[in-house]
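I opened the model and kept notes on what I looked up. The entries follow in the order I made them.

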Amino acid sequence: MPLYETIFILRQDVPVAQADAMSKVFAEIIAANGGKVAKIEPWGLRNLAYKINKNKKGHYVLLAIDAPPDAITEMERNMRLSEDVLRFMTIRVEELETAPSVILRKEERTDNFLSGEKPDRSTSGRTRAVKTADVSVDSKGE
């Protein structure tokens, strides 16, 4: 089956519990149509780039989905009908990422920085290898 990632934004005045419940409802729609949701990742209340229906913020949620196209169509139809969903976007991907998304990894780094911990540079890939040349000098300076 094809693999998809869906991100949707809920209104800012929706409680967190209701946002979690809506993501589970969308996961149930996928399951009822022969697919499965590999990961539900709430990103929390975040600022929007511009106002959408008088909302400055929104609850972002990421779904990693393994489902047939009909299941995605049905889920998107239900998202369009919901008044709480401001925007949504579904893209087809080659493989599903099981690790936390880039957004959550960024928040972990920021939390560590704010708490006074030094960031772990060993996994950032920014280490440099310094090669030293062997130099031998005769006592005569030759």
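**Helix pair**

I looked up H1 and H2 and found them roughly antiparallel to each other, a label for angles over 145 degrees. The axes of H1 (residues 16-32) and H2 (residues 69-81) come within 8 Å and cross at roughly 150°. Axes here are lines fitted to C-alpha atoms, for helices over the stretch in contact, with angles running from 0 to 180 degrees between N-to-C directions. Helices (H or I, at least four residues) and strands (E, at least two) are DSSP runs, numbered from the N terminus.

I then listed the contact, meaning heavy atoms within 4.5 Å. H1 contributes Phe26, Ile29 and Ile30, and H2 contributes Ala71, Ile72, Glu74, Met75, Asn78 and Met79.

**Basis of the entries**

I note that this is a predicted model, in which local features need pLDDT of at least 70, side-chain atom pairs count only at pLDDT 80 or more, and totals for chains, interfaces and linings use all residues. Residues are numbered from 1 along each chain as its sequence is written, and side-chain values use heavy atoms, with hydrogens and water left out.

**Asp84**

I found Asp84 in the loop between H2 and strand E4 (85-93). Asp84 counts as buried, at 12% relative accessibility; buried means under 20% relative accessible area, exposed over 50%, partly exposed in between (1.4 Å probe, protein chains only). I looked up what its side chain pairs with: a polar contact runs to the side chain of Gln18, at 3.1 Å. Such a contact is a pair of N or O atoms within 3.5 Å; within protein, one must be able to donate a hydrogen and the other to accept it, and residues adjacent in sequence count only if both atoms are side-chain atoms. Leaving out residues up to four places away in sequence, Asp84 touches Ile9, Leu10, Arg11, Val14, Gln18 and Met22.

**Ile40**

I placed Ile40 in strand E2 (residues 36-52). Ile40 is partly exposed, with 36% relative accessible area. Its C-alpha atom is separated by 4.8 Å from that of Leu63, 23 residues apart along the chain. With residues up to four places away in sequence not counted, Ile40 touches Ser23, Ala27, Val61, Leu62 and Leu63.

**Positive phi**

I checked backbone angles last. Most residues other than glycine have a negative phi. Asn53 has a positive phi, near 50°, and Lys54 has one of about 65°. Asn53 lies in the loop between E2 and strand E3 (55-66), and Lys54 is found in the loop between E2 and E3. Asn53 is exposed at 62%, and Lys54 is exposed at 77%.

Conventions
Parallel < 35°, antiparallel > 145°, perpendicular 65-115°, else oblique.
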